[in-house]
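Here is a short report on the structure shown below.

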Amino acid sequence: MDRPTRVLIAKPGLDGHDRGARVVALALRQAGFEVIYTGLHQTVEQIVEAALQEDVAVVGLSVLSGAHLTIAARLMEQLRRAGLQPLVLLGGNIPRRDVQPLLDLGVGAVFPTGSRLEDIAAGIRQHLAVASSSPAAGRPR
Amino acid sequence: MSKAVTEVVLESGISVEPVYGPENLAGIDMERELGRPGDFPFTRGIHPLMYRARPFTMRQYAGFGTPEETNARFAFLIANGQDALNVAFDLPTQMGLDSSDAMAEGEVGRVGMAVDTLADMEIAFDGIPIDQISVSLTVNALAAPIMAMYFVVAERHGVPLTEVRGTAQNDILKEYIGRGAWVFPVEPSLRLIGDTIEYCTRQAPKYYPVSVCGYHIRESGANPVQEIAFAFCIAREYLRLGLSRGLAIDAFAGQLSFNFDIHGNLFEQVAKFRAARRLWAKTVREEFGAEDPGSMKMKMIAGGGGGGLTIEQPENNIVRGAYYALISALSGAQTMALCSYDEAYTIPTEKAALLSLRTMQILVEEMGLRDTVDPLGGSYYVEWLTHEMEKRIAAEILRVDTGWGGIVRAVRDGTVQKEVAHQAWRYEQGLQDGTIPKVGVNRHRVEEQAPEVELHPYKPEQAQASVERTRQVVAGRDPVAAEAARRRVHQAAVDGANLMPPLIEATRAYVTLGEITGVLKAVFGEFREPGLF
């Protein structure tokens with residue numbers, strides 16, 4: 001039996017605007033994912049620990065303060081150190097010019113404010129399908 | 001577009017008929033429910049002459065980067081005709097962290113100005129005539145120490161405590177529902193609010209210690225009825241806090257103000273505010289036994305809500321901002337702050353902030369919004385809708401009181417957060433399936449990429465400058481006085497004495513905000529989020 005894909009929705013840093021995070025969490029749960037929401041004010045270390053404990057395939061970060069590049073760089077570094085390779089998604093107030101730098105950091109996909117909920121769910125499925133068919137990618141276990 | 005509209009249901013769930021007439025008002029005692037402007041129940045406005053006597057105050061939200069940059073933006077806005085300030089603090093400051101804190105990385109000066117010590121506040125207000133300009137401080141969890149800093153700044157500008165005017169947002173309960181800048185658990189957070197209300201009532205009677213915010217609750221997903229209902233539940237808690245300190249209701253109820261949201265249907269918003277004024281007046285008189293009409297007047301700041309703006313076709317937000325300002329003026333707001341057109345992306349650029357200010361000035365100086373009080377009053381539709389909104393707001397308050405065990409419990413156990421999040425999800429579905437029309441999103445959408453808007457630049461070197469200044473301030477302060485002041489804050493936190501006097505003393509001794517927060521966290525602990533969704 002396939003168990004549902006586990007997704008961690010995380011609010012890193014001090015930004016407390018979690019409407020988007022909660023809406024995406026509800027939409028992904030509705031779309032059949034198993035969703036864990038970290039709550040607010042998480043450090044990158046706490047998010048990596050939660051990803052490890054909850055054994056998630058996907059980590060979705062929601063950042064609205066503008067600190068997305070700083071936070072994404074630190075998260076990718078900490079995930080690497082922990083030996084984790086989940087699909088990392090970024091949502092929130094992300095200007096177009098920052099999308100490529102985020103992808104260059106290893107973020108799988110960026111869903112800026114205004115993205116369609118069904119596109120986020122479809123994007124996750126598509127990325128995971130590609131990852132599982134490629135021997136070089138996927139989670140190391 | 002040419003298709004006839006067959007059914008209209010407002011966001012608050014109210015069905016709208018194609019035509020209204022006198023028959024819709026039968027059964028409503030118009031004389032009693034409307035009254036004259038300036039008279040109970042203040043449906044038509046809290047002053048007899050409203051904008052004819054004095055237009056709404058224009059108070060754009062501003063503050064970013066270093067205190068020097070913030071000071072320059074303040075001076076710019078004042079030079080362009082703004083008559084009040086609304087101070088934005090960065091997230092570390094709102095959370096009580098110094099700029100040097102590891103959690104502050106990437107956030108120092110980003111969404112507001114960085115304040116570590118009194119020195120930063122002194123620079124921010126240098127040369128600003130705070131005896132004439134009323135200043136609103138947008139800070140909540142750490143409102144008490146920031147108010148303490150402001151009072152010391154005022155004193156150094158020669159303004160005695162008894163004459164200090166201004167407002168602190170200081171509404172922690174809404175912070176747990178939306179916006180999320182909470183630090184301490186619910187009970188000690190309420191105690192801090194009680195301390196500020198008591199202190200201001202006794203020492204700084206012209207200061208508004210709390211601005212109750214429906215705004216952020218609505219921005220988090222609540223519908224217009226819930227926005228007012230939850231805000232009123234919160235405001236009633238604060239009134240009870242004041243009473244529990246032995247204050248007479250008429251000594252402080254009039255110093256509570258409100259901050260509300262505007263986006264969505266024009267008539268629904270206007271009716272919402274007229275209904276809210278009426279219901280608040282009745283509540284303060286009947287539930288709290290106030291006798292002074294001044295206690296019953298619902299004073300509000302209401303401008304555009306960022307939630308109504310769109311990332312798509314950002315220039316459309318300029319038009320939306322103008323309509324929101326119109327709604328605010330038609331609703332009798334005391335103060336207006338408009339969201340700027342780039343607000344869906346970032347804090348406003350100088351150009352965007354100026355455009356918002358001009359929008360309000362055009363409205364009040366060109367368009368006739370000052371000429372007569374409550375110009376929509378007496379409209380069959382608006383009066384019917386006002387009545388309908390009042391009934392629904394009252395019913396929602398009853399649901400919180402009886403169904404949820406009151407707002408404090410509903411916040412503590414996450415019930416209200418969950419309700420608001422589900423409402424936000426339904427709204428998002430409505431946007432995506434087009435049942436909630438939004439131009440540029442699900443109507444008249446343009447599929448090519450939107451042009452990049454100019455964003456407010458972030459300068460990482462600001463963080464270093466802030467850390468360095470605080471290092472120098474701490475190195476230069478009297479260590480014995482700072483330590484003694486810190487101990488007195490700790491003692492008051494433990495034994496329950498009013499925290500404002502020791503916080504003011506700590507401010508004068510240049511104890512940092514991070515140090516104060518550390519002392520309070522050690523006594524109060526930190527809020528643990530229920531995390532339901």
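## Parallel strands in chain B

Strand S6 (residues 134-138) and strand S7 (residues 166-168) of chain B run parallel, joined by three bridges. B:Leu137 has B:Ala168 in S7(B) as its bridge partner. Strands here are DSSP runs of E with at least two residues, helices are runs of H or I with at least four, and both are numbered from the N terminus. Two strands pair if DSSP finds at least two bridges between them.

Both strands belong to an open sheet of five strands in chain B, ordered S4-S5-S6-S7-S8 with parallel pairing. Strand S4 (61-62) and strand S8 (207-208) of chain B stand at the edges with a single partner strand each, so one side of each has no neighbour in the sheet.

## About the model

This is a predicted model: local features need pLDDT of at least 70, side-chain atom pairs need pLDDT 80 or more, and totals for chains, interfaces and linings use all residues. Residues are numbered from 1 along each chain as its sequence is written, while chains are lettered from A and ligands numbered from 1 in the order in which they are written.

## Chain B as a whole

Chain B has 21 helices and twelve strands. Its C-alpha trace spans about 75 × 60 × 45 Å along the principal axes.

## Where the chains meet

30 residues of chain A are in contact with 31 residues of chain B (contact means C-beta atoms, placed from the backbone, within 7 Å). Helix H1 (19-30) and helix H3 (68-81) of chain A each give two or more residues to this side of chain A. H1(A) gives the most, with six residues.

Definitions and conventions
Contact = placed C-beta atoms within 7 Å.
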